[in-house]
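Welcome, and please open your viewer. We will go from stop to stop, selecting a few residues at a time and looking at what is there.

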Amino acid sequence: MKAVLCEKYGQPEVLKLAEVEKPIPKDNEVCIKIHATAVTNSDIFIRGSKLPFPIIIPFRLMIGVLKPRKSIIGLVFSGEIESIGKNIKRFKPGDMVYGLSGFTFGTYAEYLCLKETDTKTGAISLKPGNISHEEATAAAYGGMLAFQYLEKGTIQSGQKVLIYGASGNTGTIAVQIAKHLGAEVTGVCSTANIELIKSLGADYAIDYTKQVNVPDDVHYDFILDAVGKAKTSKLKENCKKALAHNGIYVSIDNGDLRLSSKQLDNIKDYVEANRIKPVIDKIYPLSEIVEAHRYVEKGHKKGGVAIKVVLT
Ligand SMILES: NC(=O)c1ccc[n+]([C@@H]2O[C@H](COP(=O)([O-])OP(=O)(O)OC[C@H]3O[C@@H](n4cnc5c(N)ncnc54)[C@H](OP(=O)(O)O)[C@@H]3O)[C@@H](O)[C@H]2O)c1
């Protein structure tokens, strides 16, 4: 099968398209024919492995000391069950599925074998029927992050919620969920993305490239930093000061993402009820993965960047 190999840490050019052996599912695994994967920030982080000492030590021990332990990276997939091991109960060949592969990695490939049960090595569910495989990758990654980090706030109808980084993969989905929960939503983004986040339901938009302060009289019940600690601005620092008494501030970089098929089912329900519309910025073929990494690394994608693995 075709796969993209990452055999050393470095610039996007370390990624090489290659022919490798197709995996065979074990008794407790399914084999997924991948239609689409995504280039996420996590992939950029793993491929580049640019971290200061000493934080890099536990990271490299986890991912691979001198090179990625799993040479096929990639964390998100949408595709079709191609074959199943004899102990598989939840899926049958032909089922359309989506999910995250966790420490199995391996989604930059035509086929991937995963356990059907949730572990740190992956979570699979039936894919939402009303979106493409490319959109499903954005729903899986951004949806999982958005739901898990919004849950830390138990948002109530009428509350004021601010999503910092509302135009990213997680941000675009977090805006839509918060709106569905009845919150008054303010999204922070740059000038070019104001229309986008308003079209997703944000009541107000603050442009972090033009504004340093949030309005004096507004206090937020919940603030989600949806882009992480590496992306900041003076406005972000000032947002923290605009928290209401007993308000909650959550950074997407605090704590680890829990892989959950129940959460994927929940995302499917939201997507099929048209409460969430995943946003896709660009779609590249697998053969252009280097260009896709260069683009995502710039840090300004809108929603998700998908990779078409099955060319139709
Ligand atoms: N906790 C976990 O286990 C876990 C797992 C995976 C990822 N994460 C974190 O989740 C983060 C979000 O990933 P994502 O893929 O959803 O985000 P993303 O799509 O990469 O975010 C891109 C967006 O960030 C915006 N942006 C860039 N600089 C900004 C700034 N200074 N202020 C405000 N917005 C800015 C860009 O908008 P403009 O073009 O308008 O600037 C762009 O639309 C990752 O970076 C990582 O830190 C956490």
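Is Asn246 buried or exposed? Select it in this predicted model and look around. Asn246 has 6 C-beta neighbours inside 10 Å, so it counts as exposed, since a residue with 12 or fewer is put in that class. Now look at the backbone here: Asn246 has a positive phi of about 70°, although it is not a glycine. Most residues other than glycine have a negative phi. Asn246 sits in strand 12, which brings us to the sheet.

Zoom in on strand 11 (residues 220–225), which is joined to strand 12 by 5 bridges. Pick Leu224 and look for its bridge partner in strand 12: that is Val250.

Next, select helix 3 (residues 133–150) and helix 4 (residues 169–180). At what angle do helix 3 and helix 4 pack? The angle is about 60°, and their axes are 8 Å apart. Helix 3 and helix 4 are therefore oblique to each other, and their crossing is right-handed. Residues making the contact include Tyr141 and Phe147 of helix 3 and Ile173 and Ile177 of helix 4. By class, this contact has 10 nonpolar, 5 polar and no charged residues.

Move to helix 1 (residues 41–48), where Asn41, Asp43, Ile46 and Arg47 are buried. Among the elements covering these buried residues are strand 1 (2–6), strand 2 (15–19), helix 2 (56–63) and helix 8 (289–297). Helix 1 is followed by Ser49, whose phi is positive, near 45°.

Continue to Pro54, in the loop between helix 1 and helix 2. The peptide bond from Phe53 to Pro54 is cis, with omega near 5°. Most peptide bonds are trans.

**Last stop**

Finish at Asn274, in the loop between helix 7 (261–272) and strand 13 (280–285). Asn274 has a positive phi of about 60° although it is not a glycine, and it is exposed, with 9 other C-beta atoms within 10 Å.

Key. Residues are numbered from 1 along each chain as its sequence is written. This is a predicted model: local features need pLDDT of at least 70, side-chain atom pairs count only at pLDDT 80 or more; totals for chains, interfaces and linings use all residues. A residue is buried if 20 or more other C-beta atoms lie within 10 Å of its own, exposed if 12 or fewer, and partly exposed in between; C-beta atoms are placed from the backbone. Helices (H or I, at least four residues) and strands (E, at least two) are DSSP runs, numbered from the N terminus. Two residues are in contact if their C-beta atoms, placed from the backbone, lie within 7 Å. Axes are lines fitted to C-alpha atoms, for helices over the stretch in contact, and angles run from 0 to 180 degrees between N-to-C directions. Angles under 35 degrees count as roughly parallel, over 145 as roughly antiparallel, 65 to 115 as roughly perpendicular and the rest as oblique. A crossing is left-handed if the near helix is turned anticlockwise from the far one by less than a right angle, and right-handed if clockwise. Ala, Val, Leu, Ile, Met, Phe, Trp, Tyr, Cys and Pro count as nonpolar, Asp, Glu, Lys and Arg as charged, and the others, Gly among them, as polar. Two strands pair if DSSP finds at least two bridges between them.
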